[in-house]
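This report is meant for a reader meeting the structure for the first time. Please keep the sequence and the model in view while reading.

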Amino acid sequence: MERLASGPKDHYYGKADVTVYRLIRDGRVPAGRSAVFGANVKMLTWGGAFWPTYLKGDNTGLIATDSMKNFIHRETFAFTEFGLEDYCRFIGEKFLKSYPQVEGVQMSALQIPYSGLEGGVACVPSGPDQAFARIEMTRDGVVSAVSGIRDFKLLRLRGSAFQGFVRDQHTTLPDRPSRVLHMWLDIEWSYARVDAAFTDGDITSRVRRIVMDLFKSFESGSIQQIIHTMGTRMFADIPDITELRFEATNRTWDVIAERGEELGVYVDPPAPYGVLGLTLTR
């Protein structure tokens, strides 16, 4: 079920899992950008003109979802920027202008990341972390903008403690003053003003850099402390972010053998994993 920021709707419909790749093939790629702009897109729309198809099967005013898919594919050719937020707004505005029966549209895009190899004519998939954006628009303009990064997979070799927790008859986990930490992380954020979202991907790049810098440099006592420290740094460095939502999972490997902090052999843990969430507001 979708939650629409412009208020509850009695109906919506659209097209999901629309993939598109825009390639800059001549090598003229701005510094810090990829020649591949890849996205998995979802478009949802609503309007009173679509009610007859629910009530009577009358599709006179209905825009086929296949047409939505084709619209996304073809209009991507005219998009010249790199930010997912800008892309969602670009496609949404064009769709509203093209179909007057549409009252509003929600555009979501998940990055399909690629990195260029030296020489500029070849690329390889990158990640696993993927940026995403969700922009909702009516004919009065953008009403909601949410951004995020999903699927960080972060491995720290030492300098992450977990000790001093409750110990009782159910406890089997040992205290670890300096453990290997394997942590997966999703982050989502909202903006103080919707227009602050449209930075051609700059804020997403800054968030990603903060995550990487803090994870490699901060010696922590818990995953909770790591993500709280990340959040406070993001608030300090990026004034346009007004709320942050984190979900982290602990995928730390089981120890087979260790020789202090010098060397170790590890295996994937059993299926159950720890999960925790944190919301911070400015």
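Predicted model: local features only at pLDDT ≥ 70, side-chain atom pairs only at ≥ 80, totals over all residues.

Residues are numbered from 1 along each chain as its sequence is written, and side-chain values use heavy atoms, with hydrogens and water left out.

**Helix pairs**

Helices (H or I, at least four residues) and strands (E, at least two) are DSSP runs numbered from the N terminus. Their axes are lines fitted to C-alpha atoms, for helices over the stretch in contact, with angles from 0 to 180 degrees between N-to-C directions. The table sets out two pairs.

| Pair | Axes come within | Crossing angle |
|---|---|---|
| H2 (residues 65–75) and H3 (residues 84–98) | 11 Å | roughly 125° |
| H4 (residues 202–217) and H5 (residues 223–237) | 10 Å | roughly 135° |

Angles under 35 degrees count as roughly parallel, over 145 as roughly antiparallel, 65 to 115 as roughly perpendicular and the rest as oblique. H4 and H5 are therefore oblique to each other, and their crossing is right-handed, a term for a near helix turned clockwise from the far one by less than a right angle. On the H4 side the contact (heavy atoms within 4.5 Å) is made by Arg206, Val207, Ile210, Val211, Leu214 and Phe215, and on the H5 side by Ile226, Thr229, Met230, Arg233, Met234 and Asp237. By class, these are eight nonpolar, one polar and three charged residues, where Ala, Val, Leu, Ile, Met, Phe, Trp, Tyr, Cys and Pro count as nonpolar, Asp, Glu, Lys and Arg as charged, and the others, Gly among them, as polar.

H2 and H3 are likewise oblique to each other, and H2 passes H3 in a right-handed crossing. Here Met68, Phe71, Ile72 and Glu75 of H2 meet Tyr87, Phe90, Ile91, Lys94, Phe95 and Ser98 of H3, a contact that divides into seven nonpolar, one polar and two charged residues.

**Core and burial**

Buried means under 20% relative accessible area, exposed over 50%, and partly exposed in between, with a 1.4 Å probe and protein chains only. A nonpolar core is a set of buried Ala, Val, Leu, Ile, Met, Phe, Trp, Tyr and Cys residues joined through side-chain atoms within 4.5 Å. The largest such core has 59 residues, and those with the most contacts inside it are Tyr87, Leu185 and Ile187. Leaving aside neighbours within four places in sequence, Leu185 is in contact with residues including Ile149, Phe152, Val211, Met230 and Phe246.

Thr204, in helix H4, is buried at a relative accessible area of 8%, and Thr204 touches Glu85, Ala131, Ile149 and Trp189, not counting residues up to four places away in sequence. Ser98 of helix H3 is partly exposed at 41%.

**Backbone features**

Most residues other than glycine have a negative phi, and most peptide bonds are trans. Asp17, in strand E1 (residues 13–23), has a positive phi of about 60° and is exposed at 59%. Asp200, in the loop between strand E8 (176–191) and H4, has a positive phi of about 55°, and Asp200 counts as buried at 17%. The peptide bond from Gly127 to Pro128 is cis, with omega near 15°, and Pro128 lies in the loop between strand E5 (123–125) and strand E6 (130–138).
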